[in-house]
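Subject: Handing over the structure

Dear colleague,

Here is the structure that I promised to pass on to you. Please open it beside this email, and keep it in view while you read.

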Amino acid sequence: MRDASVHFKRCLLAAAVATLPGLGMAAAADSAMTPGADALAAPEPDAVGRYVLPPNVFRPDSSVRRAEDRGQRVHTNYVMHNRNGVKVNRLEDLAVPAPEANPAPNATFAEYPASLACIAKVGPAYSGCVPTNNAAYNATGGGRAIVIVDAYDYPTAAADLATFSSFFGLPAANFTKVIANGNGACVTPPYNSGWALEAALDVQWAHAMAPKAKIILVEACSNSWADMMYAEQIAIQQANAAGGGEISNSWGGAEWSTESTDWDWVFRSNWVANKPVNFFFSAGDSGLGAQFPSASPWVTSVGGTTINRDPTTQAFLSESCWAGSGGGTSAYETYSSTFGSGTGPWTNYQYPLFGQAARHSPDISFDADPASGAYVYNAGSWYVVGGTSLAAPLVAGITNTSNNRLGMAPKAGGYFTNAQNNLLYAELLTNKDYGVNFYDVTTGNNGAAAAVGWDQCTGVGSPRGRVGK
């Protein structure tokens with residue numbers, strides 16, 4: 001993929017500045033969804049190349065992609081390890097014992113904050129990056145804010161985050177919860193167990209990678225597109241108030257024909273022109289195939305990897321493409337579909353590479369395989385959770401602690417651009433920086449084989465260190 005004939009053009013292309021519509025959007029009429037009611041709907045049939053769940057992997061109702069939800073509702077992007085391999089119907093049946101303080105080799109397959117920080121090189125290096133509960137090896141750094149957007153209410157969010165942080169020796173989080181109900185869709189969102197575990201995953205692992213960042217959870221009234229994108233606008237406001245930061249989103253849905261005109265304006269918002277904000281979206285957990293908003297050219301799409309370890313010592317060996325990682329060619333997002341050619345110089349690399357004008361995802365990746373998933377604490381129980389819902393807050397946290405403060409437009413105004421992707425793709429063809437700042441994932445398959453350079457499972461690869469993020 002690193003063909004020298006493909007030139008990464010560094011000129012910024014002029015684009016007109018659009019005025020962002022106000023916050024006064026009306027919620028969709030069907031947005032007040034009863035928690036769990038979507039379980040009655042039939043799942044969307046699997047497509048060719050779609051990820052087939054192994055017997056020891058469980059997909060919760062909140063993560064099921066349904067045909068009738070297209071353009072109407074979003075779903076979470078996490079799957080869970082079912083260590084017993086016995087069919088279960090409730091999330092509670094997948095609870096696991098608390099993580100061991102210092103697990104012996106082969107005692108665990110799940111990742112700890114220290115082990116993922118070691119692999120990503122945002123914490124101290126130690127032998128084998130083996131799972132260990134040693135606060136001395138946790139990630140350091142972080143600042144400003146990481147804003148998490150999820151649907152429904154997570155009433156134990158603060159308490160669960162405090163327990164997670166205390167158990168793993170992380171500093172107490174600077175945590176705030178905000179209800180995005182200004183559009184009149186609810187007073188307090190209803191509770192949904194699937195979305196509560198999603199939110200737990202998001203806030204805990206964003207904090208684990210950037211322990212000094214302010215963590216803000218924005219709760220949408222429902223998982224309708226109207227409510228979720230209203231919450232996204234509230235997240236932008238919250239990030240601005242904190243001086244900028246990252247907005248992490250572990251949800252999405254199947255693409256539809258008007259997605260770019262319906263919602264891309266939220267991400268190219270000029271509200272972030274003076275307060276740098278990066279948008280991260282998980283690429284999905286159904287294997288090859290693009291989903292929105294991950295496919296928007298205004299966001300950074302995050303795919304998934306498997307952490308491969310020595311079966312005897314548990315020492316880290318490599319990362320490979322996780323079979324369930326989303327990614328692929330967008331059916332509707334093109335070079336000019338959203339805002340002319342002003343998405344930024346990174347598009348001059350990506351679009352010509354494939355000989356067409358479509359958007360391709362993901363852009364970057366990290367741990368998502370539930371077989372190398374991570375511990376999450378929710379309402380009194382521990383779980384092992386994977387999916388690109390894990391990868392998104394991990395990458396958002398790593399980007400936050402990198403402190404490059406990229407945003408969607410220059411501080412003085414001017415061209416809109418997805419500056420995070422500019423940086424990622426600018427390094428891809430370099431002789432030195434790419435191999436130092438990223439791990440090039442070249443094994444595995446999600447319906448498309450991982451390859452040298454960029455691929456439709458892991459993007460440019462997975463992060464290594466704070467430089468270039």
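This is a predicted model: local features need pLDDT of at least 70, side-chain atom pairs count only at pLDDT 80 or more; totals for chains, interfaces and linings use all residues.

Residues are numbered from 1 along each chain as its sequence is written, and side-chain values use heavy atoms, with hydrogens and water left out.

**The disulfides**

If a disulfide is taken to be a pair of cysteine sulfur atoms within 2.5 Å, the count comes to three. With the bonded cysteines counted along the chain, the pairing pattern is 1-2, 3-4, 5-6.

One of these disulfides joins Cys118 to Cys129, with an S to S distance of 2.0 Å, and this link is left-handed, with -60° about the S-S bond. Cys118 lies in helix 1 (residues 113-120) and Cys129 in the loop between helix 1 and strand 4 (145-151), so the pair ties together parts that are 11 residues apart in sequence. Helices and strands here are DSSP runs, numbered from the N terminus, where a helix is H or I with at least four residues and a strand is E with at least two. Both Cys118 and Cys129 are buried, a word that stands for under 20% relative accessible area, while exposed stands for over 50% and partly exposed for what is in between (1.4 Å probe, protein chains only).

Another disulfide is formed by Cys186 and Cys221, whose sulfur atoms are 1.9 Å apart; the torsion about their S-S bond is about -70°, so this disulfide is left-handed. The pair links distant parts of the chain, 35 residues apart, with Cys186 in the loop between strand 5 (174-180) and helix 3 (193-209), and Cys221 in the loop between strand 6 (214-220) and helix 4 (225-241). Cys186 is buried at a relative accessible area of 17%, and Cys221 is buried at 4%.

There is also a disulfide between Cys321 and Cys457, at an S to S distance of 2.0 Å, and this link is right-handed, with 90° about the S-S bond. Here too distant parts of the chain are linked, since Cys321 is in strand 12 (residues 316-321) and Cys457 is in the loop between strand 18 (438-439) and strand 19 (462-463), 136 residues apart. Cys321 has a relative accessible area of 5% and is buried, and Cys457, at 0% relative accessibility, counts as buried.

Strands of a sheet pair through backbone hydrogen bonds, either parallel or antiparallel. In this model, an open sheet of three strands has the order 2-8-10 with antiparallel pairing, where two strands pair if DSSP finds at least two bridges between them. Strand 2 (75-76) and strand 10 are the edge strands, each pairing on one side only. Strand 2 pairs with strand 8 (residues 251-254) over two bridges, and Thr76 stands opposite Trp251 in strand 8.

Gln291 is found in strand 10 (residues 291-292) and is buried, with a relative accessible area of 2%. The side chain of Gln291 reaches the backbone oxygen of Ser282 at 3.2 Å. Leaving aside residues up to four places away in sequence, Gln291 touches several residues, among them His75, Asn77, Trp251, Glu255 and Ser282, where contact means heavy atoms within 4.5 Å.

Methods:
A polar contact is a pair of N or O atoms within 3.5 Å; within protein, one must be able to donate a hydrogen and the other to accept it, and residues adjacent in sequence count only if both atoms are side-chain atoms.
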